[in-house]
Amino acid sequence: MNEIDILSQVTNFLAVGNVDEAKQTISHEYPFTPVRKEGRNYTVREMLEQFCRDGFIDRYSGNKLIHPGILRVFSEKMPKEFPYQAHWKTDECHIAYWEYQPTIDHIYPISLGGADAPENWASTSMINNTAKGNFTLEQLGWTLKPAGDMNDWDGLSGKFLELVEADTSLLGIRKIKEWYIATKRILETDRYYSRTFL
């Protein structure tokens, strides 16, 4: 019996005043399972390694994503035109942070028993991360898109390093400095690309 059939049966029980049967049916056939909220704070390095593994591609939409550091550079250079807000309030923060800054999502939600491990991580935009919530891809009718290739699109990572090295005062911004250090180390290992962006 699928969920619609169960809910139809419960409706029929309630229609004849049989609340006990309705409760029993829900409890046995379609029980309430509370969703556990488990937050995780990833290091800048962990996040960037995942974004590089995915080639700065949103694994749910297939769209390109942009290195977080370069978006912060935009906000430092153009605070009025490209505002940043620490909690990404939509009335105070440029929409590009929601659309193009990558985040890590659990492909199979940890609230449903998924692992908090790289094999269960996917890069996605904050908009898609929020929309997906604690649902599975199957529940949403979504598919996992192929990872990108850093040789084709690096999320402007190389350009980020160029901009910071041209204006080292940007290293006074903690988040820019963290992204810069992680990017420099990861790109220098040459694990994700075969060509040089600098």
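How exposed is Leu-156, in terms of its relative accessible area? In this predicted model, Leu-156 is partly exposed, because its relative accessible area is 26%, which lies between the 20% below which a residue counts as buried and the 50% above which a residue counts as exposed.

## The chain as a whole

The chain contains nine helices and two strands, and reading along the sequence gives the pattern α-α-α-α-α-β-β-α-α-α-α. Its radius of gyration is 22 Å, well over the 16 Å that the globule rule gives for 198 residues, so the chain is more spread out than a compact globule. Along the principal axes, the C-alpha trace spans about 75 × 35 × 25 Å.

Of the 198 residues, 40% count as buried, and the accessible surface of the chain comes to about 11400 Å², with 53% of that surface belonging to carbon and sulfur atoms. Among the contacts between residues at least 6 apart in sequence, 64% join residues that are at least 24 apart.

In soluble globular proteins, nonpolar side chains tend to be buried together. The largest nonpolar core of this model has 31 residues, and those with the most contacts inside this core are Met-47, Leu-48, Phe-51, Phe-56, Phe-160, Val-164 and Trp-179. Helices α3 (44-53), α4, α5 (96-100), α8 (157-166) and α9 (174-189) each supply at least two residues of the core, and α9 gives the most, with six residues.

Strand β1 (residues 102-106) runs antiparallel to β2, and five bridges join the two strands; one of the pairings sets His-106 against Trp-121, its bridge partner in β2. Strand β2 (residues 121-125) is mostly covered, since five of its five residues are buried.

In a regular strand the side chains alternate between the two faces of the sheet. In β2 both faces are covered, with Trp-121, Ser-123 and Ser-125 buried on one side and Ala-122 and Thr-124 buried on the other.

Where is Asn-120 found? Asn-120 is in the loop between β1 and β2, and Asn-120 counts as buried because its relative accessible area is 9%, below the 20% cut-off. A polar atom of the Asn-120 side chain lies 2.8 Å from the backbone oxygen of Ala-115. Leaving out residues up to four places away in sequence, Asn-120 touches Asp-105, His-106, Ile-107, Tyr-108, Gly-114 and Ala-115, so the residue that makes this polar approach to Ala-115 is also one with a relative accessible area of 9%.

Ser-75 lies in helix α4 (residues 68-77) and counts as buried, at 6% relative accessibility. The side chain of Ser-75 reaches the backbone oxygen of Phe-82 at 2.7 Å.

## Two residues with positive phi

Most residues other than glycine have a negative phi. Trp-88, although it is not a glycine, has a positive phi of about 55°; Trp-88 lies in the loop between α4 and α5 and is buried, with a relative accessible area of 10%.

Leu-156 likewise is not a glycine and has a positive phi of about 70°.

Leu-171 and Ile-181 are 10 residues apart in sequence, and their C-alpha atoms are 9.5 Å apart in space.

Key. Residues are numbered from 1 along each chain as its sequence is written. This is a predicted model: local features need pLDDT of at least 70, side-chain atom pairs count only at pLDDT 80 or more; totals for chains, interfaces and linings use all residues. Side-chain values use heavy atoms; hydrogens and water are left out. Buried means under 20% relative accessible area, exposed over 50%, partly exposed in between (1.4 Å probe, protein chains only). Helices (H or I, at least four residues) and strands (E, at least two) are DSSP runs, numbered from the N terminus. Two strands pair if DSSP finds at least two bridges between them. A polar contact is a pair of N or O atoms within 3.5 Å; within protein, one must be able to donate a hydrogen and the other to accept it, and residues adjacent in sequence count only if both atoms are side-chain atoms. Contact means heavy atoms within 4.5 Å. A nonpolar core is a set of buried Ala, Val, Leu, Ile, Met, Phe, Trp, Tyr and Cys residues joined through side-chain atoms within 4.5 Å. The radius of gyration is taken over C-alpha atoms; the globule rule is 2.2 Å times the number of residues to the power 0.38. Accessible areas come from the Shrake-Rupley method with a 1.4 Å probe; for residues, only the protein chains shown count as cover.
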